[in-house]
Amino acid sequence: MASMVSRRNTVSALALVVAGIATGSPAGAETILNVGIGTQDTTTNTATVGVVVRQLKLIEKHLPKTGKYADVTIRLDWQNFTSGPPVTNGMMAGKLQFGAMGDYPLVVNGYTFQNNPESRSRLIAVAAYNLHGSGNGIVVNKETDAFSFDDLKGKVVSVPFGSAAHGMVLKALQDKGYPQTFFRLVNQSPEVGSTNLQEKKIDAHADFVPFAELLPFRGFARKVFDGVETNLPTWHGVVVRTDFAEKYPEIVDAYLQAILDAQAWVKADPKRAAEQIAAWTGTDKEVVYIFLGPGGIMTVDPTLKPQLIDAAKEDVKEDVKVLQKLDRVKEFDVDAWIDDAPVRRAFAARGLDYEALRASTANYEVSGEDGFCKKPIADPRKAGEVWVKDGNILSYSSTACTLGAVNDLKAKGKEINVAYVFDTSRGIKIFAREAFYVAGGGEIAPYLLKRDAEAAAAKSGAKVLPYDEAIKAAVTGG
């Protein structure tokens, strides 16, 4: 894991060493402008506004060099955190001018700045989102007998307080009509919560992207609740201090251009992107891919689109309701906080059609020919993929074809890194090994949650199978 904070003792980005831009330094004198950017390397949702931009030095390609910046050296001070609240603290202290974080800490960021006499914050771009709410989740140790949210009654559940996952847990309790004492909620970082779950020191851990997928992938956890069940979107975005944005709009533009570069880089070769992001962050490449690859859990898109922004406003409003119950928030002007003017400028500068992308919520999808079943992929949300060790990621037209291909590849001596399928009821990309399967009538349907699989099986008179038995069913025709 990347260190929680790097170069904590940076001066404010608004402090100019040697001489200030605003004061008009003498000709030839060097001016240094430090720009603080708070990111979360291990939060896969923020990859295209953080680690990718930093590692590929994409902002540097777009920084202004003429006019008032002619004699200015711009130093980018990247600071890495494991959750959103410390980013807000850094922005409030003037050490950070930009911050990337999830929906729940974003609304707290916006509200906190409303009480700041020097500046406000503005939401200027989306990093990635899932309109249906998947991304956050609750996992348990795989050796326990818990399979649902209700099974956690009276248990110890950890979550990073103030995070998007914290908001999910509070919303879930509210939706179910359960008291805050339904289980004992404790504050633990992703790293601490993950370790404690593996060592069975806690009963469950709630977390944001990528941990609800990462821990099951690493073999010791099982997801029992997915954020999609709250019926609210999960998303990450970028905020900027208004005093900085108004004084240095050209640097805001440079950052947004870099974000567009980063998103294009991921989509151009998602396998390469997953491998690189894994090397930079320590998150397994297979987990990065399930979020950012074709048909991934997250849609990578910077636009503040009508469908998303309406959902985001509802998300913010719901978070505010929860926070008000905790006496954290009295009121919050959502419309004043959201500002898509900078990202519109970024699109216009490239001659791109902002309105066209803004009007779409489509992700890029699994496509191509199914080499095992010998037919094209007609419905990407019924498709599957297999990542062959030291090889390519192969696409298939259905769950049955995917599982059949896994069996065929293994029979040929090929090792499999991971296989992916799509949840039948929710369309979420999931790890094939972690799914519950309903087999019958020659069809095999995967489900993320056991209760969904059991409900489907009860309706059809079919049976629920684990991964290995589902492969056998695929080979024999169900």
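**View 1. Tyr289 and Tyr420, both buried, form a tilted aromatic pair.** Buried here means under 20% relative accessible area, while exposed means over 50% and partly exposed covers what lies in between (1.4 Å probe, protein chains only). This is a predicted model, in which local features need pLDDT of at least 70 and side-chain atom pairs count only at pLDDT 80 or more, whereas totals for chains, interfaces and linings use all residues. Residues are numbered from 1 along each chain as its sequence is written, and side-chain values use heavy atoms, with hydrogens and water left out. The ring centres of Tyr289 and Tyr420 are 5.5 Å apart, with 40 degrees between the planes. Rings of Phe, Tyr and Trp (its six-membered ring) pair if their centres lie within 6.5 Å; planes under 30 degrees apart are stacked, over 60 edge-to-face, and the rest tilted. Tyr289 belongs to helix α10 (residues 285-292) and Tyr420 to strand β17 (residues 416-422), so the pair ties together parts 131 residues apart in sequence. Helices (H or I, at least four residues) and strands (E, at least two) are DSSP runs, numbered from the N terminus.

**View 2. Phe149 and Tyr178 make a stacked pair.** A search of the whole structure finds 18 aromatic pairs. Phe149 is in the loop between β6 (137-141) and β7 (156-159), and Tyr178 in the loop between α4 (164-176) and β8 (184-187), 29 residues apart. Phe149 is buried at 3% relative accessibility; Tyr178, at 25%, is partly exposed.

**View 3. The ring of Phe147 has the charged ends of Arg222 and Lys450 over it.** From the ring centre, the charged end of Arg222 is 3.9 Å away and that of Lys450 4.1 Å. A charge sits over a ring if NZ of Lys or CZ of Arg is within 6 Å of the ring centre and within 35 degrees of the ring normal.

**View 4. Gln257 sits in helix α8 (residues 249-268).** At 10% relative accessibility, Gln257 is buried. A polar atom of its side chain lies 2.9 Å from the backbone oxygen of Ala346. Leaving aside residues up to four places away in sequence, Gln257 touches His62, Ala346, Ala349 and Arg350, where contact means heavy atoms within 4.5 Å.

**View 5. A cis peptide bond joins Val209 and Pro210.** Omega is about 5 degrees, and Pro210 is in the loop between β9 (204-207) and α6 (211-217). For comparison, most peptide bonds are trans.

Technical notes. A polar contact is a pair of N or O atoms within 3.5 Å; within protein, one must be able to donate a hydrogen and the other to accept it, and residues adjacent in sequence count only if both atoms are side-chain atoms.
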